[in-house]
Amino acid sequence: MVSVTASETRSRPFLPAAFRNAFVDALAMVAVLVLAGLAVFLFGGAAMQRVVTYAAIMLTAVLGLQIFSGNTGIVSFGHAAFVGLGAYATGILTMPAALQRTALRDLPPFLAGHELSFFAALAVVLVLAVLIGLLTGTPLLRLSGSSMAIATLAMLIIVYTLLVASREITRGSQPFYGVPREVGLWTAVVVASIALLAARLFRETSFGLAARAAADDERGAAAVGVDHRTARLAAWVLSAVAAMAAGAMMAQFLGAFSPRDFYFDLGFTLLAMLIVGGMSSSLGAFAGVVVTIVVVEVVRRFEGGGVVLGFQLPVLFGLTQGVLAVAMILVIWRRPTGLFGDRELDLLRRSESASIAASAEPPRRAGAGHVAADHLSRRYAGVVAVDDVTLSFDTDSITGIIGPNGAGKTTLLNMLAGDVQPSAGSVSIGMPVGKASAFRFARAGIARTFQNIRIFPRMTVLENVVVAARQVEPDLAAAEAAAMRELARMGLEAFADRPAAGLAYGLRRRLEVARALALKPRFLLLDEPAAGMNAVETAELVAILAAVRAERRIGVILIEHDMRLVMNLCERVVVIDHGRVIADGTPAEAQTNPAVVAAYLGSRTARAHMDAKTD
Amino acid sequence: MPTSLYRRHHAALCAAVFGIALTAAPALAEEIIIGAATAQTGGLAPYDQPALAGLRMALDELNAKGGLGGKYKVNLIIKDTRSDTAQTATVAQELIDAGAKIMITPCDADPSISAGQLTQPLGIPTLTLCGSAPVLTEAVGDVMFGTYPADNVQATAVADFAIAEGKKKVFLLTSPDATYTANLPEYFGKVFEKKGGTVVGRGTFTMGQPDFSAEITNIKGLADQPDLIMTAAYEPDFPAFIQQLRAAGVTIPVYGADAIGTPTIKGLGSLVDGVVFTAAGYAEPGSKLEAFNAAFAKHAGHAPESTYEVNGYEIGLILDEAVKTAGSDDPKAIRDAIANLKDFDGITGKITYAGTDRMPLRPVALMRYEGGEQKHVETVTPDAADVPAP
C-alpha cells in the first residue's frame, strides 16, 4: 500500500490532465481576447473600443448561458433575466446618492446611498447571483428536459414583470438612468477572461462531468453514481453568476436601460450567438460571439453605401440583420451543432491524456458483503414483473440469472441496482443508503451495465470512465489515473481520446464495463453483457470477467441468454420465470431441473426430454 | 496617431455616402456635421423614419440656401441603431469620432439617454427626434433637448380642456408597461386636481391584454361615478378597451393623447365618437402646416404619415435659427442658443425652450373623433407654470 501511494504521488503532476488541457485552452481564448483588446486600444478609435467592450460583455453573458445549457443540454431562455437583475443591482449600488434622490425618490432606505465603486458592486452582485441561482434553481431543476426550458421562459417573464412592477427600486418601465460609466475596455476584457476560464474549467470539474454525462444519458449517469440534480444546480448557479456579472457590466456600459432591454430580444440574441458557435463547448460560445460581432461590424460599414473595389454600393439599411440571418441559417443548415459543435480546442488533450499514469489495482475488498432481495415484487399496472423474490448474493462469486424473455430478469436487476422502486419487499446492499435511488446505490458499490448500452456518446472514452471514477476517488487526478487503469484492463487505452460515439459495438460494451469497474464496486450487475458480440469477443469478455472477479473478489451478477457463457463462467445459476425463482443452484443442477426445461421448451417437450434422458 | 487613420477611413466613407446624398457639394471649410443615430430598422424605425425624412427635407432646403445660418453646409451622417440601446451608444460614439457637432437621437428615451451620456461631457447639443418622456432631458443634462410635445405638456393641454368643459371627476387608466401609458394619465390627474377636479379611481392594464372586464367592472362599481376616463392606451389596447366599455353600457367619455390619432382608431367609427386626443399640429386651411404637407408630398412623393415629419422639419429650422444666433458652429454656442430660444416661429406654432428644462413648450392641437372623422377642436400652448414636473 505504502509503495503504491508513493508511486502515485511521484507520477502525479501539479494539476489533473483535464485541467491542464482546459487551462491551456482557456488561455488561448483569453489571449485572442486580450490581443483584440490591445489592437483596438492601440489602433482603434473610441467607437471600436466600445464595440470590443460590448463584445466582451456579451461574451460573458453567452458563457454564462453555455455553462448551463452547454453542460446540461437544457436550453435556457431565462439568462436575459439574470443579466437584467445584475444590471439593476449594479445600477442601484453604484448610482451617485444625489442623483438617486431625484431619480429614485421612493427607494427603500437600505438600498439607498451606497455609491459603491464598480468592483465593490460586482462583488455584491456575485454573492447575490449565488443566492438567486439557488433560489431559482432549486424549484426549476425539479423539472427535466423541455419542461425545464419552458420554466426558464416563465422565469424570464416573472423577472421582467417584477422589474416593471418594482417601481420604487427600478423606476418600473421607465428608463433607469444615472449609472456611472466606469466599465471600459479592460474591465470588460478581464471579467470576460475570468468567465472564459470558469466556463472552460467547469466542464472538467466533477459537476461539469456529471452534468454532461446526465445530458447524454440520464439513466446511464445515475448508474455511475451521478446525482444529476446537484450537478445541474451547480451549473445553474455558476451560469447565473456569469450572467449577472455580464449584467453588472452592461449597466455601466449602457448608463440607461429599462426592463425591456433584458427581455426576449436579449434572451434570443444570447441563444442565437451560442447556437451559431456550438452550444456544448466554451469554444463554441467564444466563436459564436466573435463571428456574430465581426459579421455585424463588417456588414454595418457597408449598409450606408459607399464604393468597394470600384463598385458603387447602394444605401441599404437592414443589410446587417439580413446577412446575420442568412449566416445563421447557413450555420444551422450546414453544421447543425454549430460552428464548433461539441469540440473544445483541446490543444493538449492528446499529450496530456497520454501522460496519465494508470493507478495501481485497488486493494481487494476485505471481508464478505452481500446484496439481498427480501420478498421483492414489482407490478406494472396489473402485470406482475417480479413476484415475491427472495435471494441473496455474495461477493467473490459469479451468479447468472437466466429465464425466458419477459421473465422479469431485467426488472429484478433494476431493483437490485436501485433504478426501479419495488412495489413490495426490499433490497439491502449491506450499507445504509437512505432513499433507494440508482446513484446512491452506485456510490455504495453496486455498479451495473445496461442491455441497450448507455455510454455517454458526446464525451471521450476517457471522460466516460472518469465520470464514474470521480464518484469514488478523492480528486480529479486520482479519478483520471483510476480511469486509465480500467481502460487498460479492458484494452481500451488506445481509444482514450476518441469520442465514445465513434466506438465499435463490442468496444462500447467493454467501455460500459470499464465505467462500472471504475466505481470500485462490491457488486457488478451486467445485463446481457455478451448480446450482439461474436464468439471471439464473448470469449475475451469471459476471460476479463473471470480475472476481475479473481483479482478484486467482487460479486458479479449477470443476465445472459448465451448459455455457453453462463455455464462456463457462473458458479451459481438462478432461473426466473413469470417473475418467480424456479431454480437456484449450480449450472449443472439448473440444466437438469425439469421446471427449467419446461420454462424454456414448454412442459410437453420437457416431459419428452426427461423421458428420453431416463431411458 | 492611429485614431486619425480610423477617422480618415471614416471620413472617406462618409464623403462617399454623402457625395451621393447631397449631389456632391465640394467639401467646404464651412461644413457642419450632424450625426443622426437613428433607427433605420427595428421597432423604432416607424417613428424615427418619418421624423428623419422631415429633417432631411429641411436640411436639403437649408443647404440650397447656403446651409445652417446661411453659412454652414450640413453634412448629415446617418447610422442605424437597429432600435438597440447598446448599438445607439456605439454609433453615437462613431458619429462623435467623425466630428459631429450636433447629434440627433431616436424617438425613445433609453437610446437617447445612452447617446446623450456620450455627448454631454463634450457639450454637443443632442436632440431626440420625437421622444416625449419628460424625464429624458433631466436624465442626461444640459445638452439634451426634446422636440416633440412632452407627455406632461400634452396631458396639461387635455386637462385644461376637460376643466374648461366642466368635467369634475376623472378615472385614470394606466399601464406600467411603458413610460407613456404609465405617466401621461398621472400628469393629467395632477393638473386636473390642481384645477379643482378630483381623481375618483385608478385602474391598470397589461399592454396586449385582450380582456378589460375587470377594469370595466371596477369603473361601474365606483360609488362616485366619474364623468371622464383618461388613458394613454393605444393599439391594440385602446380599441379593445373602448369596445368592451361601450358594450358594457358605460357611456362616460374617454380622452387620450397623441398615440390614438391613427387610421385604425378613426376606423372604429361611432364607437369612438367624442374621444378627445392630441396632435403636434393641425393643418388648418391656409396654415403653414398645410403648406408644409403639400411641400413634403412634392419632396418625398407621398403625403406625411403623421406629425412626426413636420416635427423633424422643425428640428432643422430650430438648428438653423440656433446657428444663426450663435454665429458660429461651436457646439456649446449652438446649445446655448437652442436653450434660449423663445417664441420661435415654427410650422405648427411658436416653440419655446427658454425657461423650460429643455422639453419645449409648443402648441398642442386638441382633436375629437366625430362621425368617423378627426375634427380639430383647438390648438393651445399650455402655460409653463401649469405643466407638472416629470
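Where is the place of Arg82(B)? Arg82(B) sits in the loop between E2 and H3 of chain B. Helices and strands such as these are DSSP runs (H or I of at least four residues for helices, E of at least two for strands), numbered from the N terminus. Phi of Arg82(B) is near 55°, a positive value in a residue other than glycine. Arg82(B) is also buried, because 22 other C-beta atoms lie within 10 Å. A residue is buried with 20 or more other C-beta atoms within 10 Å of its own, exposed with 12 or fewer, and partly exposed in between; C-beta atoms are placed from the backbone.

This is a predicted model, in which local features need pLDDT of at least 70 and side-chain atom pairs count only at pLDDT 80 or more, while totals for chains, interfaces and linings use all residues. Residues are numbered from 1 along each chain as its sequence is written, and chains are lettered from A and ligands numbered from 1 in the order in which they are written.

## Chain A

Chain A has 26 helices and 11 strands. Its C-alpha trace spans about 105 × 55 × 55 Å along the principal axes. Of its 615 residues, 53% count as buried. Look next at contacts in chain A between residues at least 6 apart in sequence: 76% of them join residues at least 24 apart. Two residues are in contact if their C-beta atoms, placed from the backbone, lie within 7 Å.

One open sheet of chain A has 3 strands in the order E4-E3-E6, with antiparallel pairing. E4 and E6 of chain A stand at the edges with a single partner strand each, so one side of each has no neighbour in the sheet. From one strand to the next, the twist averages 15°. Strands pair if DSSP finds at least two bridges between them. The table lists the two pairings of E3(A).

| Strand pair | Residues of the partner strand | Bridges | Direction |
|---|---|---|---|
| E3(A) and E4(A) | 383-394 | 8 bridges | antiparallel |
| E3(A) and E6(A) | 424-428 | 4 bridges | antiparallel |

E3(A) itself covers residues 370-380. Individual bridges can be named. Arg379(A) has Val384(A) as its bridge partner in E4(A). In E6(A), Ser428(A) is the partner of Ala372(A), and Ser426(A) is the partner of Asp374(A). The hairpin of E3(A) and E4(A) has 2 residues between the strands, and Ala381(A) there takes a positive phi near 40°.

Asp396(A) is found in the loop between E4 and strand E5 (397-402) of chain A. Its phi is near 55°, again a positive value in a residue other than glycine. Most residues other than glycine have a negative phi, and most peptide bonds are trans. Asp396(A) counts as partly exposed, because it has 18 C-beta neighbours inside 10 Å.

Now turn to a helix pair. H6 (residues 118-140) and H12 (residues 228-254) of chain A pack at an angle of about 145°, with their axes 8 Å apart. Axes are lines fitted to C-alpha atoms, for helices over the stretch in contact, and angles run from 0 to 180 degrees between N-to-C directions. The residues that meet include Phe118(A) and Leu122(A) in H6(A), and Trp236(A) and Met244(A) in H12(A). By class, this contact of H6(A) with H12(A) has 17 nonpolar, 4 polar and no charged residues. Ala, Val, Leu, Ile, Met, Phe, Trp, Tyr, Cys and Pro count as nonpolar, Asp, Glu, Lys and Arg as charged, and the others, Gly among them, as polar.

## Chain B

Chain B is divided into domain 1 (2-149 + 286-359) and domain 2 (151-279 + 365-380). These bounds come from an automatic or database domain assignment. The centres of the two domains, taken over C-alpha atoms, are 33 Å apart. Their contact takes 7 residues from domain 1 of chain B and 7 residues from domain 2 of chain B.

Tyr72(B) is found in the loop between helix H2 (45-64) and E2 of chain B. Tyr72(B) is buried, with 25 other C-beta atoms within 10 Å. Beyond its neighbours within four places in sequence, Tyr72(B) is in contact with residues including Glu30(B), Ile32(B) and Val323(B).

The peptide bond from Glu235(B) to Pro236(B) is cis, with omega near 0°. Pro236(B) lies in the loop between strand E8 (228-231) and helix H9 (237-247) of chain B.

## Where the chains meet

In all, 33 residues of chain B are in contact with 36 residues of chain A. H1(B) gives the most to the side of chain B that touches chain A, with 8 residues. That side divides into 16 nonpolar, 9 polar and 8 charged residues.
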